[in-house]
Amino acid sequence: MELRLEKVERNVNLLTWQNSVEYLDFNGEGYPELEEAGKIVCLVRDFYDITKGEYSTSDLLLLKSAMDSVGLPPKTPVNYGAVVEAIADNDAYRSKLLAGKEIRPIEDPGHLVAMSGIKKLDALQHEERYLPETVAKYVAPYDASVTEDAIRRDLAKAYLRNNAGADVDMDVESFDMVLDLLYSVKQADAEGLLLAPGEEAIPAAETMMALPKKDDRLAAAEQSFIEHKLEKAYQNFTELAEAGNGRAMYYLGLYAKEGYASIEQDEAKWRDWWERGAEAGDVLAAIRYAETLPDQSAKRQVLIETHIPQALATAEAGDMMTLCEVARMYGDGLGVEKDLTKMAGCFVKAAEKGFWLAERELGKCYEKGIGVGKDEREAFDWYTQAAFDGDAEAQCRLGRCYEHGIGTTKSDQDAAEWYRKAAGQNYVAAQYALGECYYRGCGVTQDYKEAVKWYQRAAEGNYTSAQADLGYCYENGIGITRNKKKAVGCYLKAAERGHIIAQTNLGTCYYNGDGVARDYREAVKWY
């Protein structure tokens with residue numbers, strides 16, 4: 001009851017804030033009269049304080065409405081670097097955003113670009129001021145127009161470019177800027193990077209609890225994976241695996257298993273990578289490899305008994321990837337007592353940190369009521385977050401939510417759009433679903449040729465229903481030149497994988513001798 005009342009109070013506070021935001025003021029100036037950076041800072045801090053950093057898609061819609069109310073439409077372009085500079089150079093803005101705290105040194109600037117930029121600009125104006133001063137004195141005889149402030153800005157940009165791989169001199173939509181700062185404040189709080197004036201910094205080792213120290217290159221690769229920069233992460237994991245890194249081998253196995261970044265799914269490869277990772281001593285690779293071994297295998301038992309306690313400890317310390325693997329362990333009862341509530345709890349911990357994989361899996365839990373109470377609206381919200389993070393499966397599931405009205409208002413147009421986003425990432429289920437949209441004219445103009453195009457792509461990815469439907473199109477000349485021999489080929493692929501309609505149609509082809517020699521025995525077999 002206390003939790004419910006707290007949630008009701010929070011929702012009331014958020015709605016009240018959204019309805020009155022245009023009348024609020026900051027340092028005597030109304031929100032609508034502030035410059036862009038000021039509006040962004042005030043909206044971010046207010047929203048973060050009310051939601052305590054935990055917000056749903058519905059909450060973000062209220063935030064968008066608040067942005068409109070203060071004259072900052074969500075799609076208004078703003079310069080990322082200029083906003084960061086404005087916050088760093090304005091004591092009031094910086095204090096508002098950081099709740100009066102200071103930023104401690106950030107070891108990995110690529111993790112929190114905005115915070116790192118604010119910290120660097122501030123340092124270049126105080127403890128590192130000698131740098132722009134020295135450069136200004138050196139260039140003054142050659143170009144007096146170069147100011148110390150301009151040098152400071154250039155040094156900060158160079159620092160982020162070289163250490164975070166980020167070019168901040170770019171325009172982004174104001175809503176994206178707000179989301180970026182929200183994430184930065186949340187992560188900085190979670191990692192103990194914000195200190196009250198005079199407060200001593202907690203050693204990094206303590207803030208990381210019991211997490212094992214990782215190679216800097218591995219940490220960067222994992223961060224890319226968590227941020228859904230899958231192609232970049234894959235390149236880094238490949239280089240690390242070649243150098244013998246077991247955790248990188250675990251990730252390469254995951255790519256081969258799930259087909260991330262359009263990598264071909266290959267069972268032999270994922271087994272090989274996990275076996276090699278286990279031999280290199282990696283906990284997650286060892287657990288995955290153990291799952292590929294027979295249940296009564298002595299080697300399987302040794303791997304489980306050796307590595308699962310370490311995985312549980314690492315998950316307890318907050319490692320996001322390990323949390324997801326431990327969730328699977330609780331879901332399957334691998335080396336631990338099966339416990340769906342604990343499974344969902346692990347996904348919650350990782351999802352609340354913004355990890356797309358956990359967000360998607362938590363959405364499944366809520367949709368089916370696995371380990372948590374069934375809540376289709378909550379499922380829709382988690383799918384939405386994972387979809388916006390770039391996860392193709394979540395995008396496809398979000399499309400299905402819109403198609404069938406699961407947790408949201410039914411919308412064929414939105415369904416087709418999300419299917420298209422996932423299909424563009426070569427997610428075969430979405431390619432098939434988009435083909436169905438074009439075939440039936442749902443959310444798009446009916447177009448049989450376009451339907452066949454997407455059926456073909458999904459069929460090439462061994463999606464059984466697409467193979468069956470493509471066979472039907474070939475047999476009847478729908479959206480493509482009739483070719484009964486190709487129809488038989490498509491039906492055969494789907495039939496061999498258990499597709500009942502394809503088996504029936506293949507039987508009819510043999511019965512009538514369409515596209516294949518008439519063969520009643522073969523027809524009977526498939527019937």
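**Labels and their criteria**

Tutor: A network of salt bridges links Arg-360, Glu-361, Lys-364, Glu-367, Asp-391, Glu-393, Arg-397 and Arg-400. This is a predicted model, in which local features need pLDDT of at least 70 and side-chain atom pairs count only at pLDDT 80 or more, while totals for chains, interfaces and linings use all residues. Residues are numbered from 1 along each chain as its sequence is written, and side-chain values use heavy atoms, with hydrogens and water left out.

Student: Why is Asp-282 called buried?

Tutor: Buried means under 20% relative accessible area, exposed over 50%, and partly exposed in between (1.4 Å probe, protein chains only). Asp-282 has a relative accessible area of 8% and is therefore buried. Arg-247 has 13%, so Arg-247 is buried as well. These two residues form a salt bridge, with 2.7 Å between the closest N and O atoms. The pair links distant parts of the chain, since Asp-282 is in the loop between α14 and α15 and Arg-247 is in helix α13, 35 residues apart.

Student: What lies at the start of α15?

Tutor: A side-chain oxygen of Asp-282 comes within 3.2 Å of the backbone nitrogen of Leu-284. A polar contact is a pair of N or O atoms within 3.5 Å; within protein, one must be able to donate a hydrogen and the other to accept it, and residues adjacent in sequence count only if both atoms are side-chain atoms. The distance therefore falls inside the cut-off. At α4, Asn-79 caps the N-terminal end, with a side-chain oxygen 3.1 Å from the backbone nitrogen of Gly-81.

Student: Why is Lys-525 counted as exposed?

Tutor: The relative accessibility of Lys-525 is 53%, so Lys-525 is exposed by the limit already stated. Glu-522, at 21%, is partly exposed. The side chains of Lys-525 and Glu-522 meet in a salt bridge (2.8 Å, N to O). Both lie in helix α28 (residues 520–526), 3 residues apart, about one turn of the helix. An α-helix has 3.6 residues a turn, so residues three or four places apart point the same way.

Student: Which residues have the most contacts inside the largest nonpolar core?

Tutor: They are Phe-225, Phe-237, Tyr-250, Tyr-260, Met-321, Phe-347 and Phe-355, in a core of 109 residues. A nonpolar core is a set of buried Ala, Val, Leu, Ile, Met, Phe, Trp, Tyr and Cys residues joined through side-chain atoms within 4.5 Å. A second, separate core of 54 residues includes Val-84, Val-172, Met-177 and Val-178.

Student: Which residues does Asp-122 touch?

Tutor: Not counting residues up to four places away in sequence, Asp-122 touches Arg-94 and Arg-152, where contact means heavy atoms within 4.5 Å. Asp-122 lies in helix α6 (residues 113–125). At 18% relative accessible area, Asp-122 is under the limit and therefore buried.

Student: What makes the phi of His-228 worth a remark?

Tutor: Most residues other than glycine have a negative phi. His-228 has a positive phi of about 65 degrees although it is not a glycine. His-228 lies in the loop between α11 (216–226) and α12 (230–242), and its relative accessible area of 13% makes it buried. Ser-262 also has a positive phi, near 65 degrees, and lies in the loop between α13 and α14. At 47% relative accessibility, Ser-262 counts as partly exposed.

Conventions. Helices (H or I, at least four residues) and strands (E, at least two) are DSSP runs, numbered from the N terminus. A salt bridge is a side-chain nitrogen of Lys or Arg within 4 Å of a carboxyl oxygen of Asp or Glu.
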